[in-house]
Amino acid sequence: QVQLVESGGGLVQAGGSLRLSCAASGRTLKTYAMGWFRQAPGKEREFVAVISWSGSNTYHADSVKGRFTISRDNAKNTVYLQMNSLKPEDTAVYYCAAIDTYYSDSYYYTDHNQYDYWGLGTQVTVSS
């Protein structure tokens, strides 16, 4: 069992930056690809970014490419989402999720139904 806890959300002005963290407990994240998703009020959960278990492969949604960067530190059992040049349309609850890839370096997991574990989310609000 893996427990995930997101942190780092908050209120920021457009153009600003935030760094989200997702800390895991219960077992190592070392075999898990990790994803970030977001959900705005009245909208479906949306894929943001994913990183392979080793950190060597990443994929970002077109809507955040060039502004957001996913990374991980397996020694700290933590995944990060650096968000720069934030826009009001980035406002959402951000969730991290884990999928066990059993040391495969697969990373193209963009469907939220593929994931095994989820955190409770952290709110990001971007004011114009």
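How many bridges join strand E1 to strand E3, and which way do the two run? Here are some friendly notes, starting with that pair.

1. **Ground rules.** This is a predicted model, in which local features need pLDDT of at least 70 and side-chain atom pairs count only at pLDDT 80 or more, while totals for chains, interfaces and linings use all residues. Residues are numbered from 1 along each chain as its sequence is written, and side-chain values use heavy atoms, with hydrogens and water left out.

2. **E1 and E3.** Strand E1 (residues 3–7) and strand E3 (residues 18–25) run antiparallel and are joined by five bridges. Strands here are DSSP runs of E of at least two residues, numbered from the N terminus, and two of them pair if DSSP finds at least two bridges between them. Within this pairing, valine 5 faces alanine 23 of E3 as its opposite residue.

3. **The sheet around E3.** E3 is also joined to strand E8 (residues 78–83), antiparallel again, by six bridges. Across that pairing, arginine 19 stands opposite glutamine 82, and alanine 23 stands opposite threonine 78. The whole arrangement is an open sheet of four strands, ordered E1-E3-E8-E7, with antiparallel pairing. E1 and E7 are the edge strands, each pairing on one side only. From one strand to the next, the twist averages 15°, taken between axes that are lines fitted to C-alpha atoms, with angles from 0 to 180 degrees between N-to-C directions.

4. **Two positive phi values.** Most residues other than glycine have a negative phi, and two sites are worth a look. Asparagine 77, in the loop between E7 and E8, has phi near 55°. Tyrosine 102, in the loop between E9 and strand E10 (117–118), has phi near 50°. Are these residues buried or exposed? Asparagine 77 is buried at 14% relative accessible area, whereas tyrosine 102 is exposed at 65%. Buried means under 20% relative accessible area, exposed over 50%, and partly exposed in between, using a 1.4 Å probe and protein chains only.

5. **Salt bridges.** There are four salt bridges in the structure, each a side-chain nitrogen of Lys or Arg within 4 Å of a carboxyl oxygen of Asp or Glu. Arginine 38 meets glutamate 46 at 2.8 Å, N to O, and aspartate 90 at 2.9 Å, N to O. The aspartate 90 pair links distant parts of the chain, 52 residues apart: aspartate 90 is in the loop between E8 and E9, arginine 38 in strand E4. Both of those residues are buried, arginine 38 with a relative accessible area of 6%; glutamate 46 is partly exposed at 32%. Arg38, Glu46, Arg67 and Asp90 are linked in a network. Lysine 65 and aspartate 62 also meet in a salt bridge, at 3.1 Å, N to O; here lysine 65 is partly exposed at 47% and aspartate 62 is exposed at 64%.
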